[in-house]
Amino acid sequence: MFISCQSIPLDSIKLTTDWNLHPWEFGVIPKDLQKSFSLNGVIHPPLAIADSDKHFVIVSGAKRIEFIRRSIEPSQVDCMVIDKDAPPSFILNLILADQSSAFELSLAEKARFIEIASRLLNKEEIAATFLGRLQLKKGRSTIPNLLDILRQDRKIIKEIHAGRIQERMVSELLSLPEEADRLALVQLFI
């Protein structure tokens with residue numbers, strides 16, 4: 001098996017956006033999540049992968065680690081640690097399982113997942129393995145169109161992530177040639 005539960009030193013954990021499905025929120029814990037953590041604690045252990053013998057990178061659960069650092073400050077944290085030799089598809093499947101266990105992924109998070117997967121797999125593997133699980137069409141333009149979302153202004157990405165710009169409107173928005181026009185349209189939606 002490529003994963004095990006381990007108690008690892010908190011100071012050996014690196015928080016990066018390398019695996020993060022919502023880097024536009026990095027370092028921010030929404031009030032609802034903060035309240036849930038305060039009431040219930042961190043129920044699901046974060047996923048980490050060994051970066052070296054003594055350091056770990058968070059694959060999923062950066063907000064959980066951030067809450068623990070701000071509130072509890074233990075010296076050790078229980079994490080699900082992924083073997084550094086784990087196949088990329090195994091890691092990607094874990095990310096999807098962890099992130100979609102509470103909420104359906106937003107279109108922006110799906111785009112970010114595809115971007116991460118593109119570092120590890122070719123487009124054919126991504127399409128065959130993940131587009132169906134992400135409830136995305138298996139068309140030729142699906143992956144490039146999703147990646148185009150992440151090249152937009154941060155404000156546009158946040159609005160897509162929040163669901164204030166519906167999926168059917170995203171392609172219309174992205175068809176506007178000027179960024180200023182796209183931002184003005186987003187402002188109108190808001």
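Me: With the side chain of which residue does the side chain of Glu25 make a polar contact of 3.2 Å?
Reply: The model considered here is predicted. In it, Glu25 is found in the loop between β2 and α1 (31–40). Leaving aside neighbours within four places in sequence, Glu25 is in contact with two residues, Lys63 and His161. The polar contact of 3.2 Å joins the side chain of Glu25 to that of His161.

Me: What is the distance of the polar contact between the side chains of Glu25 and Lys63?
Reply: Lys63 is one of the residues in contact with Glu25 once neighbours within four places in sequence are set aside. The polar contact runs from side chain to side chain, and its distance is 2.6 Å.

Me: How many residues apart in sequence are the parts that Lys14 and Asp51 tie together?
Reply: The side chains of Lys14 and Asp51 meet in a salt bridge, with N to O at 2.3 Å. Lys14 lies in strand β2 (residues 13–14), whereas Asp51 lies in the loop between β3 (47–50) and β4 (56–60), so the pair ties together parts whose separation in sequence is 37 residues.

Me: Is Asp51 buried, partly exposed or exposed?
Reply: For Asp51 the relative accessibility is 42%. Buried means under 20% and exposed means over 50%, so a value in between makes a residue partly exposed. Asp51 therefore counts as partly exposed.

Me: In the salt bridge between Lys110 and Glu104, what is the N to O distance?
Reply: Glu104 is exposed, at 61% relative accessible area, while Lys110 counts as buried, at 7%. Their side chains meet in a salt bridge, and the cut-off for such a pair is within 4 Å. The N to O distance for Lys110 and Glu104 is 4.0 Å.

Me: Which residue forms a salt bridge with Asp148?
Reply: Asp148 is partly exposed, its relative accessible area being 23%. The closest N and O atoms of the pair are 3.5 Å apart, and the partner is Arg151.

Me: How many salt bridges does the structure hold?
Reply: Among them are the pair Lys14 and Asp51, the pair Lys110 and Glu104, and the pair Asp148 and Arg151. The number of salt bridges in the structure is eight.

Me: Near what value is phi of Gln135?
Reply: Gln135 is placed in the loop between α5 (123–131) and α6 (142–149). Gln135 is exposed, at 59% relative accessible area. Its phi is positive, in a residue other than glycine, and lies near 60°.

How values were computed:
Residues are numbered from 1 along each chain as its sequence is written. This is a predicted model: local features need pLDDT of at least 70, side-chain atom pairs count only at pLDDT 80 or more; totals for chains, interfaces and linings use all residues. Side-chain values use heavy atoms; hydrogens and water are left out. Helices (H or I, at least four residues) and strands (E, at least two) are DSSP runs, numbered from the N terminus. Buried means under 20% relative accessible area, exposed over 50%, partly exposed in between (1.4 Å probe, protein chains only). A polar contact is a pair of N or O atoms within 3.5 Å; within protein, one must be able to donate a hydrogen and the other to accept it, and residues adjacent in sequence count only if both atoms are side-chain atoms. Contact means heavy atoms within 4.5 Å.
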